[in-house]
Every structure is written in C-alpha cells, then in structure tokens.
Amino acid sequence: MRRASSAGRSSTSGGRAPRPRGDQPEQLGFEGMPERLFVCTPSKLGAYADCPRRYRYSYVDRPAPPKGPPWAHNSLGASVHTALKNWYALSPERRRPEALAALLKGTWVREGYRDDEQERAAYRRALGWLESYVETLDPGVDPLGVERVVAVKTAVLAFNGRTDRIDSRPGPDGPELVIVDYKTGRTGLDADDARGSQALALYAYAAERVFRRPCRRVELHHLPTGTVAAHEHTVESLARQLTRAEESARDIMAAERVVADGGDPDEAFPTTPGPRCGWCDYRRTCPAGAQAPGKEPWAAVERAVDPVPGQD
C-alpha cells in the first residue's frame, strides 16, 4: 500500500537521483535494437496506477525507504489464501470442512493485530468464511491451476502473475478456462469490479496463451459474503486492458529514464494524494502522505466494510 532514505530520493534532499532498479541488467543501446521489455506483475502495474510516488519508493529508489508496520488485513488475507491453496493440496477424500481449522492454524500470519483478542476473533471469522466457502466446492474436482504463475510477452511487456485459481469448465466449443480471485476485504464487489480489473484481464490473456484454451471469464469470490462477481470478456475487451497496461509501462519506463538521466525524481514520479495515503506503507517518507492521518495497522479488520480501496 499490498525504507531508509536513499540518495536522491527527493530533489530537495540535496542527494543524487537514484538509479532505476530495473528487472534486468541495463544494456547499451544500438540502432535497430528492440526496446527493452517492461518486466511486470499486476502489483507493479497497480502500484503505479495508484500513485507513481509509491511505485518509485517500491521499485526505483535503492535502498528503498522504510515501510511502516505490517497490516492486519494483509495478514488475514494471506492466511486465508494459503489455507485454500493447502486445501486443494489434500487428496480429494480429505477435502472436508473439518480439515480447515488445522490448515488455517498452520498458515496463520500473526502480524499487525492490535492484541491477542482481536487476532483470535479474526481467526474465528476467517475459519467461518473458509468453512462456508468450501461447502460450495466439489472436493473431487481439481482446478487446472492453484497459485499458478502465468506469463506472456508482448511488444512492450514481459508480464507474469500468480493466479489464485484457474478452473477448467465446459464451454459451447469445448473446455474453457476461468480465472478465480479470492477476496477477503471490502464488500460490495459487483460485475463492474470484475470487468474493470486489469489484473484479472491480464491473467486471462496470459492463461489463454499458456494453456491454448479460451479464457474469457473472470470471477471475484468474496469469502466474507459468499458472493461471486463475474465478467465475460471478449477478445476486444482483453485487448483494451492489455493496451492500458502497455501504456502504463511506457509511462513508467519514460519516468525511469528521466531519473536515470539526472532528472527530478519527484517530478518524474508525482504523488496522487487521496484516501489511500492513510494506508500507504510509505506515508512517513512521502511529504504528501505525511499530511494524511495514518491508519492503525489493525483498523481494517475492525470494520465490516474494509476501507482500503481494492484491498484483498
């Protein structure tokens, strides 16, 4: 949101501008050489879309500025995701609701909670979500992928991402793939959230090419409410999401070049102040973020509606 000060972190600090970290060694350019691909994940693209300054703190400045304390809602989400992954790792005859308590206990992340009482309440809540959710699943059906990495290259991107689940379901012309993403945070997810998710669209685009099967349907499974928000993409809608991602990649690479050439990193990666600032890991480092009231690490788990936009 999803570290010691670095040289050149800000043009006002008097230091040298940071060298972009990059995901591969910098190469000398020769005329006619293809442009370097932008290596990215959904988190990397999302960080820039949320706030270019947060992207810079996460991926450009080295050493990175210090993060704030861990968030309880991230711990809760990670615990639930891992428990579901391990549920599918069981043999089909052992995939029963009674197995979930041990699975969740074994994957439980304790960081960020206010105290033991709040943590125990969160554990009980999460276990209830899981027990209700697996009742909707057929224990004898194995997904095509669980926590599966899919990757694809375009003229601009080298994209890779880890999907929560990839299902194979019957379609009118044979098996079709479905991207399933678990959500444990904010309520009120609907088809527009599924339709607008760039991450889900990129997963679908990549999965279709990895497995050579149609993949157009994306689903958000909200465990606290047991609801599913779904969208059926078309070739055109996936292409539009891919174009958006490539445009963001070009903007990021241009900003990184400005910094590498000695430009002002604050201008290359501006802030976008808003409600997210209170939840940002780098609020104490960012001058704009420091003006926003900070949230307690456990605040989101106390509320029925998670106030963190888009948070798992």
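Guide: Start with two strands. Val 178 stands opposite Arg 217 in E5. E4 and E5 pair in the parallel sense over seven bridges. This is a predicted model, where local features need pLDDT of at least 70 and side-chain atom pairs count only at pLDDT 80 or more, while totals for chains, interfaces and linings use all residues. Residues are numbered from 1 along each chain as its sequence is written, and side-chain values use heavy atoms, with hydrogens and water left out.

Visitor: How do you know that E4 and E5 pair?

Guide: Two strands pair if DSSP finds at least two bridges between them. E4 and E5 have seven. Strands are DSSP runs of E with at least two residues, helices are runs of H or I with at least four, and both are numbered from the N terminus.

Visitor: What makes E3 and E4 a hairpin?

Guide: Two residues lie between them. E3 and E4 pair in the antiparallel sense, over seven bridges. Arg 165 stands opposite Val 180 in E4.

Visitor: Why is E4 called largely enclosed?

Guide: Seven of its ten residues are buried, so the rest of the structure largely encloses E4. Buried means under 20% relative accessible area, exposed means over 50%, and partly exposed is in between (1.4 Å probe, protein chains only).

Visitor: Why do Arg 169 and Glu 219 count as a salt bridge?

Guide: A salt bridge needs a side-chain nitrogen of Lys or Arg within 4 Å of a carboxyl oxygen of Asp or Glu. For Arg 169 and Glu 219, the N to O value is 2.8 Å, and the two side chains meet in a salt bridge. Arg 169 lies in strand E3 (residues 157-171) and Glu 219 in strand E5 (residues 215-222), so the pair ties together parts that are 50 residues apart in sequence.

Visitor: Are Arg 169 and Glu 219 buried or partly exposed?

Guide: Arg 169 is at 26% relative accessibility, so it counts as partly exposed. Glu 219 is at 3%, so it counts as buried.

Visitor: What makes Glu 232 and Arg 217 a salt bridge?

Guide: Their closest N and O atoms are 3.1 Å apart, and the limit is 4 Å. Glu 232 is in strand E6 (residues 227-232) and Arg 217 in strand E5, 15 residues apart. Glu 232 has a relative accessible area of 44%, so it is partly exposed. Arg 217 has 26%, so it is partly exposed.

Visitor: Which residues make up the network of salt bridges around Glu 232?

Guide: Arg 165, Asp 167, Arg 169, Arg 217, Glu 219 and Glu 232 are linked in it. A search of the whole structure finds 21 salt bridges.

Visitor: How do you know that Arg 53 and Asp 266 form a salt bridge?

Guide: Their side chains meet at 3.8 Å, N to O. That falls within the 4 Å limit. Arg 53 lies in helix H2 and Asp 266 in helix H9, so the pair ties together parts that are 213 residues apart in sequence.

Visitor: Why is Arg 53 called buried?

Guide: Arg 53 is at 8% relative accessibility, so it counts as buried. Contact means heavy atoms within 4.5 Å. Not counting residues up to four places away in sequence, Arg 53 touches Asp 266, Phe 269, Pro 270, Thr 271, Cys 286 and Pro 287.

Visitor: What makes Tyr 55 and Phe 269 a stacked pair?

Guide: A search of the whole structure finds ten aromatic pairs. The ring centres of Tyr 55 and Phe 269 are 5.9 Å apart and their planes are at 15 degrees, so the pair is stacked. Rings of Phe, Tyr and Trp (its six-membered ring) pair if their centres lie within 6.5 Å; planes under 30 degrees apart count as stacked, over 60 as edge-to-face and the rest as tilted. Both Tyr 55 and Phe 269 are buried. Tyr 48, Tyr 55, Tyr 59 and Phe 269 form one aromatic cluster.

Visitor: How do you know that a charge sits over the ring of Tyr 59?

Guide: The charged end of Lys 44 is 5.5 Å from the centre of that ring. The rule asks for NZ of Lys or CZ of Arg within 6 Å of the ring centre and within 35 degrees of the ring normal. The charged end of Arg 209 also sits over a ring, that of Tyr 205, at 3.6 Å from its centre.
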